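Dear colleague,

Here is the structure I promised to hand over. Please open it alongside this message before reading on.

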Amino acid sequence: MDNYSIDTKCVQAGYTPGNGEPREIPIIQSTTFKYSTSEDMGKLFDLEASGYFYSRLQNPTCDMVAAKICALEGGTAAMLTSSGQAANFFAIFNIANAGDHIVSASSIYGGTFNLFNVTMRKMGIEFTFVSPDATEEELDKAFRPNTKAVFGETIANPALCVLDIELFAKVAHKHGVPLVIDNTFPTPINCRPFEWGADIVTHSTTKYMDGHASAVGGCIVDSGRFDWMAHKDKFPGLTTPDDSYHGIVYAEKFGKEGAYITKATAQLMRDFGCTQSPQSAYYLNLGLESLHLRMAKHCDNAVKVANYLKSDPRITWVTCPSLEGDKYYDMAMKYMPKGTCGVVSFGIKGGRQVAEAFMKNLKIAAIETHVADARTCCLHPASATHRQLSDDQLVAAGVSPDLIRFSCGIEDAEDLINDIRQALDCLEVK
Ligand SMILES: *Cc1c(COP(=O)(O)O)cnc(C)c1O
């Protein structure tokens, strides 16, 4: 598969049926797997042989779909998780313990911010949040001797800022730690963070990868390039014996290419069980088969909608990184010349009250907390997900009170524009 283009990988990577086998990825709906001898099974438990024994740890259907995402990102190993939240939790917790410290971009998905700032803090892991626009010197200052990773989103949800992945990777490596990138919004179709120096990539597959609002899921992919042994003291979980696995040293036994995902599977999946169901993985794979086609349409629609919004005097501001003049336009062109994502945000004259009335008038776009669906959806965070915040608190969180997040689906762009226009006409704002 390596020599094929990403479009071909979307359709075919991860599963190559043999003679007489099912053409489509089979759903292996089984919690457990049968062995002839206890000795055979023992080898699996000792990680001496690879194979399946219990679907909390690994399942063939999930592994086939993980292998496809691994191929799309250009990694060496990958695992599916129950959600994007689980993926980001595992990605960090796999290399950080109580007493450790993480540097993270501040403009990230609200759920991830809460996971880091509240829940993982309770577990004893400290976080320093830095501006996604931070300079090298500002980033340097955030590091401590116990820093274990740097985290950011390629395109932040919902702020839509574009991260300078190359810079963040350079600084992370200078301090001997990996860069973890949540690549949910662009997907590997539009950006492959490993090509810019990132070491680990995470996804909420719930978004564009699934693309049909069918199944919640997540994924972690390893580039296989971070040299854990070269920073032995920082990552004892990978470079010293694991007593819960008969003294295995992951980085020695599985090398740079396999250590990180093997440890996350053997320890974190075993103990936390944030596993994806084979049925969900099957839905995810159906989405992946058309990801390359859908992303192009999502991005094209977003630019057309953003251009229309820019031209309508009733709209006060528009954010779309692919739109010339956007603060992140140059960064978007560097990292995502083919397109960014289908999400745009904007404000309407009249602010908060008008935003709610406007959304009620939409006929195609539905009000949802979701994004990245084939069907257009929109959200007014100030009256929904962020409604407990005051206007001042909203601004501090990077969400202005008038902000409407508009996730362009794959319908016809003219229909979407006409829907917005008629909804504005009903408002009688001039
Ligand atoms: C939605 C989202 C998540 C969380 O994913 P779930 O699948 O909802 O758990 C994480 N990161 C980003 C960028 C997201 O958009």
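This is a predicted model: local features need pLDDT of at least 70, side-chain atom pairs count only at pLDDT 80 or more; totals for chains, interfaces and linings use all residues.

Residues are numbered from 1 along each chain as its sequence is written, and side-chain values use heavy atoms, with hydrogens and water left out.

The protein has 17 helices and 12 strands, these being DSSP runs (H or I of at least four residues for helices, E of at least two for strands) numbered from the N terminus. Buried residues, meaning those under 20% relative accessible area with a 1.4 Å probe and protein chains only, account for 56% of the 430 residues. Along its principal axes, the C-alpha trace spans about 75 × 55 × 40 Å.

Thr376 sits in the loop between β10 (366-367) and β11 (377-379), and it is buried, with a relative accessible area of 1%. Two polar contacts (pairs of N or O atoms within 3.5 Å, where within protein one must be able to donate a hydrogen and the other to accept it, and residues adjacent in sequence count only if both atoms are side-chain atoms) involve its side chain: one of 2.6 Å with the side chain of Glu411, and one of 2.8 Å with the backbone nitrogen of Gly409. Leaving aside neighbours within four places in sequence, the residues in contact with Thr376 (heavy atoms within 4.5 Å) include Ile364, Phe406, Cys408 and Leu416.

Best wishes

Terms used:
Buried means under 20% relative accessible area, exposed over 50%, partly exposed in between (1.4 Å probe, protein chains only).
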